[in-house]
Each structure stands twice: as structure tokens, then as C-alpha cells.
Amino acid sequence: MTSGGAGTTIQVLEGSETGFATTKFDALLNWARKYSLFQYPFITACCAMEFMAMASPRFDMARFGAEAPRFSPRQSDLLWVVGTISQRQAPALKRIYEQMADPKYVFAFGTCASCGGFYDNYTTLAGIDKVIPVDVYVPGCPPRPEAVIDGLLLLQDKIARGDRTPAIVKPRRDPTVQAGNLVRLGKKSTAT
Amino acid sequence: MSKRVLEILKSRFGADIYETHSQFGDDTAVVNPEKWLEIAKFLRDDPQCAMNMFVDLTAVDWLGRQTPRFEVVLHLHSFERNHRIRLKARIGDDDANGVEIDSLVSVWIGANWFERECFDMFGVHFKGHPDLRRILMYPEFVGYPLRKDYPADKIQPLVELRNVPDKLPPFGLDEGMPFGRQTHDYPRGEETN
Ligand code: SF4
């Protein structure tokens, strides 16, 4: 399925009695897809806490149409990989991904799922993208629910555009810029 | 308080207790690995010791620092007498030959999984263990990851890793840990480490 393109417009023609709209079929399909993400949570580690916060009413990801978790990969189209994936689990993850029906999207939740995090050792898979393709990476250990919501919106945006290249959630404030604004405490004491 | 246990051990086993020390409230005896099972049984059954709780069993690899290379470390506690003791036995040469010691499953049944883990991580063979196989790593894993001569960056993937010739944005070649080694075995473009 190819993309609807960035310039897709929906026109409502005036003067018609019943009212109708024209659009591209792909754009309509992608619009429908992005608001009906059936998720398969593949949750293995501490990030699960933040996933629970995400799914609970305070942050409420049901607002974005990602409401019903399906505990069968065959019924779902969004795979949440939440937590550390060990080498031993990698075949299971791959198999689950393969069982999902197209269109399928993968969400790497947290640093561990994105690149292995601080587990640089014999047992941890250094990022799930070593095994399956990933659509959205959300860094953070664990990411705040706001960052995950950013990621979800990013994914919806990508789905609407038909874009399958990986994307990453950027920090709201750039830490390097912030570091420049820090007050240097040592400087003041030497001056006096 | 537990020094008394050391005294009992020394008087009972004599030269088979190689050395003892009590530091920071931990009382330790380094014992003859041949007598490992016998000493364990004694510690459990002797009414003055009554070590009825198996706490922990692990190993330490002293490669290049100590000639019996592995040290099997056992922690015991007595609920009855409220004392605890640590036993060590040194086994194996530098090439990891003869890394074997008696299993304590017949003394404390709780030793079972600890010994399996110790076997999995350090390759210590416990003689007489009912089911000595890997417990954490997968059966296909070759070698023992916590030995000092296991390469720190060696991974043994079970599934073939995807070969993405150029890392897709947002990641570049320096992806991963900024402070870590960048020498994993999977293909990274033309970089060969
Ligand atoms: S990214 Fe951090 S919080 Fe999430 S699974 Fe890894 S270690 Fe746990």
C-alpha cells in the first residue's frame, strides 16, 4: 500500500443535498488505521510500570484510538515492545512479529527496547531492531508517559502519511541547550 | 558469635580447614574441596552448629590472581542457634580443568537451583547433582559467561540479526551506550572490530 502523500486534501463540495467528500482511498484507509490501533503488549521489564501508567485513566491512551489490547498477535496491529529483551527471548519476539497480520507497526518503548540500554552484555539483545523492524523509538529509562504519547502521535502521523521509516521521539527540551544555561557555582566563589 | 562454629570445625576437621578468618562480622572457613560434602553434612547435623538454612551458593573466578582458580562460596544460617557461616573451597586450575565439587542437594534441597546457576555461569560441575543443566542461559549457549576469560562483548544470538547495511535514521554507527564498548560481533557495515 503506497502513501497518500503529504498534499492530500479532503474537499467537501457545496451545493449537494446529501453532502459528500472526496479523498484518496489510501488516505481514508490510513485515517481509519491510525485511530484503530489494536495493540499487542510484549512487556518484559521495569518499563511495564510506565506502560501501566500510560494505559490507566490519568494518561489514557484510549483517547488515541489505541484502546483494546489483544493478547493474540493475529488480532493486533501495533506491537509494543516494553522492556529489556534478552537473547533468549528474541526468537519469541520475532515469531510474534511474524504472526501479526499486515499492516503491522512496532513501538520500541524505552531505552532497553530501542538499543539495549545499559545492558551491554552476553545476555541482552542490543535493541529490538536487531531482530524486527521498528517504527517508533521512545527513549527514556523509563520514558515518561508524555513521551510515549508523543510517540503514539508520531506513529499516527506516520501511519497517516504512509511513512515506514523509523522515527524517534525528541526530548521536549534539548539537554545540551539546557546545560549551557546552568549557573556555574564555582565561578562566583572564586570572584569574591 | 559464629566464631564458635569455626572452632568446632577446626577441632573436628583439623587440617582440612585450610584457613579461617572473621572480618566485618562474617566468619569464613576455607576448606578442603574433597571434604565439601562431609563438612556440609556435619554442619547441618551437629547440634552445636545446626545449620538448617541454606542461604546462598555461588562462585568467584580469580583467573590470573590465584592458582586454584575458582572459589565456590557457600553461606549457611542456623535458625536454631542464630549464627551464620561462610564456607569456601578452591578448585580448578588456570585452564579450568577439574572444576568440580560435590553437590549439596542431598544435604539441603534448596541448593539445587543455586548449583545449576553456578554451573551455568561458571561451569562448576557439581558431582551428584540430580539435574545439572543450564538454568538462565539457553541450552545452545557455548561457554560460561561469568568466567573471566569469556569475552565481555561476545554475544550468541539465537536468531539471525537483521543486517541493515546503513543504520537507518535516527541511529548512526555510534548507537548504543556512549560509555560502552562498540565491539559487538554483529555486522556493522564495513567496520570490523
Ligand atoms: S529502559 Fe530502563 S525502565 Fe525500561 S526496561 Fe530498560 S532498564 Fe527498565
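Strands β3(A) and β4(A) (residues 78–82) run parallel and are joined by five bridges. Helices and strands here are DSSP runs numbered from the N terminus (helices H or I, at least four residues; strands E, at least two), and two strands pair if DSSP finds at least two bridges between them. This is a predicted model, where local features need pLDDT of at least 70, side-chain atom pairs count only at pLDDT 80 or more, and totals for chains, interfaces and linings use all residues. Residues are numbered from 1 along each chain as written, chains are lettered from A and ligands numbered from 1 in written order, and side-chain values use heavy atoms, without hydrogens and water.

| Strands | Bridges | Bridge partners |
|---|---|---|
| β3(A) and β4(A) | five | A:Gln39 and A:Leu78 |
| β5(A) (residues 105–109) and β6(A) (residues 136–138) | three | A:Ala108 and A:Tyr137 |

The whole open sheet has five strands in the order β3-β4-β5-β6-β7 (chain A), with parallel pairing. β3 and β7 (167–168) of chain A sit at the edges with a single partner strand each, so one side of each has no neighbour in the sheet.

Over in chain B, helices α1(B) (residues 3–13) and α2(B) (residues 36–45) pack at about 130 degrees, with axes 12 Å apart.

Technical notes
Axes fitted to C-alpha atoms, helices over the stretch in contact; angles between N-to-C directions.
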